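We will go from one selection to the next.

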Amino acid sequence: MTNAAVHVEGQAAQHALHTYAHEAVASGATHAAGQQHPIKLYLVVWGWLFVLSTCSYLVDYLGIHGHLRWSLILLFMVLKAGLIVAVFMHMAWERLALAYAILLPPVLVLVFVAIMVFESGYTHLLRIMFFAPTA
């Protein structure tokens with residue numbers, strides 16, 4: 001292969017790369033410097049956060065007690081946290097791998113906490129059986 005042929009191939013590759021980059025910019029495939037979301041989205045999320053907070057306060061105001069009270073409070077808390085993470089922290093627009101990297105560890109922590117709760121009941125039963133004072 002001669003120097004002239006290598007030079008021509010190099011120019012062709014450089015031209016192809018330049019054309020590809022120009023098409024990518026023209027099609028909007030590059031990352032935007034500042035992605036803007038409509039203000040309506042943020043107002044709707046703010047409205048839902050207000051409604052969910054009101055429902056959470058109503059649980060206390062109406063005097064709901066026991067497991068239902070804590071289940072409702074935790075449900076409203078998780079829904080509010082999900083809205084905040086999805087919209088205000090922009091997780092709804094991130095890649096799935098990044099979402100898994102951020103959301104999967106807390107889910108696993110909750111699973112391990114549930115396992116510990118079940119185990120604590122078993123341990124409590126053993127303490128009563130073997131270490132309870134005899135009368």
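A salt bridge here is a side-chain nitrogen of Lys or Arg within 4 Å of a carboxyl oxygen of Asp or Glu. Keep in mind that this is a predicted model.

**Stop one: the salt bridge.** Select Asp60 and Arg69. Their side chains meet at 2.7 Å, N to O, in a salt bridge. The structure holds 1 salt bridge. Side chains of opposite charge can pair when their charged atoms come close. Is Asp60 buried, exposed or partly exposed? Asp60 has a relative accessible area of 41%, so it is partly exposed. Arg69 is at 23% relative accessibility and also counts as partly exposed, because buried would need a value under 20%.

**Stop two: a charge over a ring.** The charged end of Arg69 sits over the Trp70 ring, 4.9 Å from the ring centre.

**Stop three: aromatic pairs.** How many aromatic pairs are there? The count is 2. Start with Tyr42 and Phe88. Their ring centres are 5.7 Å apart and their planes are at 25°, so the pair is stacked; the cut-off for stacking is under 30 degrees. Now colour by helix. Tyr42 belongs to helix α2 (residues 39-61) and Phe88 to helix α3 (residues 67-88), so the pair ties together parts that are 46 residues apart in sequence. Phe88 is partly exposed, at 36% relative accessibility.

Next, select Trp46 and Phe50. This pair is stacked too, with ring centres 6.1 Å apart and planes at 20°. Both residues lie in helix α2, 4 residues apart, which is about one turn of the helix. Trp46 and Phe50 are both exposed.

**Stop four: a nonpolar surface patch.** Select Leu96, Tyr100, Leu104, Val107, Leu108, Val111, Phe112 and Ile115. Together they form a nonpolar patch with about 790 Å² of accessible area. Pick out Ile115. It is found in helix α4 (residues 96-131) and is partly exposed, with a relative accessible area of 48%.

**Last stop: the annotated spans.** Residues 97-118 are 100% helix and 0% strand, with end C-alpha atoms 31 Å apart.

Note on methods. Residues are numbered from 1 along each chain as its sequence is written. This is a predicted model: local features need pLDDT of at least 70, side-chain atom pairs count only at pLDDT 80 or more; totals for chains, interfaces and linings use all residues. Side-chain values use heavy atoms; hydrogens and water are left out. Rings of Phe, Tyr and Trp (its six-membered ring) pair if their centres lie within 6.5 Å; planes under 30 degrees apart count as stacked, over 60 as edge-to-face and the rest as tilted. Helices (H or I, at least four residues) and strands (E, at least two) are DSSP runs, numbered from the N terminus. Buried means under 20% relative accessible area, exposed over 50%, partly exposed in between (1.4 Å probe, protein chains only). A charge sits over a ring if NZ of Lys or CZ of Arg is within 6 Å of the ring centre and within 35 degrees of the ring normal. Patches are made of residues with over 30% relative accessible area and no salt bridge: like charges are joined within 9 Å, nonpolar side chains (Val, Leu, Ile, Met, Phe, Trp, Tyr) within 5 Å. Accessible areas come from the Shrake-Rupley method with a 1.4 Å probe; for residues, only the protein chains shown count as cover.
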